[in-house]
Amino acid sequence: MKITIIAVGQRMPDWVVTAWQDYSQRMPADYALELKEIKPEPRTTGKTVPQMMSAEAKRIEAAIPAHAHVVALDEKGRNLTTIQLADQLQQWRDSGCDLAIIIGGPDGLDPDFKNRCPQKIRLSDLTLPHPMVRVLLAEQIYRAWSINHNHPYHRS
């Protein structure tokens with residue numbers, strides 16, 4: 001299964017790049033973790049927030065691999081424990097499809113795009129810095145994989 005994280009935002013701080021690479025390289029080849037960064041819509045063009053989110057949604061949709069199951073990160077999405085995420089990861093794997101997890105931009109995801117996503121999850125009740133979301137997501141995917149494969153990374 002290929003897991004593609006599609007994240008609005010480019011030019012992340014070095015610590016984000018380093019942490020992402022660390023967790024993505026830990027994943028085995030049969031759970032390949034890939035990051036696709038989407039150019040955010042400039043906030044200085046005079047466009048409204050809905051117009052900017054719509055433009056970003058078009059870029060996101062173009063980046064989604066064909067036949068991938070799409071999951072949007074959303075503050076109103078389903079809250080999962082780490083164990084539930086591990087179970088969900090196994091279900092996604094068993095479905096035989098690749099996976100695309102979407103991280104929106106500074107204003108979130110376009111409502112129409114979000115409504116078309118078959119699944120929505122949330123990472124936390126806390127408001128997280130945008131760059132940290134991709135690192136936290138990569139770590140949790142790795143942790144979920146480690147639980148499913150009895151790897152000692154996760155200690156329960």
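This is a predicted model: local features need pLDDT of at least 70, side-chain atom pairs count only at pLDDT 80 or more; totals for chains, interfaces and linings use all residues.
I then checked C97, which takes part in no disulfide, and found that the nearest cysteine sulfur, belonging to C117, is 15 Å away. Looking from the other end, I noted that the closest cysteine sulfur to that of C117 is the one in C97, and because 15 Å separates them, they are too far apart for a bond.

I next looked up how accessible each one is. C97 is partly exposed, its relative accessible area being 32%, whereas C117 is buried, with a value of 5%.

**Helix α1, length.** I turned to α1, which covers residues 14–26, and asked whether its span fits its 13 residues.

**Helix α1, faces.** I listed the buried residues of α1 as V16, A19, W20, Y23 and S24. Viewed down the helix axis, these buried residues fall within an arc of 125°, and therefore they line one face of α1. On the other side of the helix I noted D14, T18 and Q25, which are exposed.

**What covers the buried face.** Finally, I looked up what lies over the buried residues of α1, and the elements covering them include the strands β1 (3–8) and β2 (33–38), together with the helix α5 (130–148).

Conventions: Residues are numbered from 1 along each chain as its sequence is written. Side-chain values use heavy atoms; hydrogens and water are left out. A disulfide is a pair of cysteine sulfur atoms within 2.5 Å. Buried means under 20% relative accessible area, exposed over 50%, partly exposed in between (1.4 Å probe, protein chains only). Helices (H or I, at least four residues) and strands (E, at least two) are DSSP runs, numbered from the N terminus. The expected span of a helix is 1.5 Å times one less than its number of residues. The arc is that of the directions from the helix axis to the C-beta atoms. Contact means heavy atoms within 4.5 Å.
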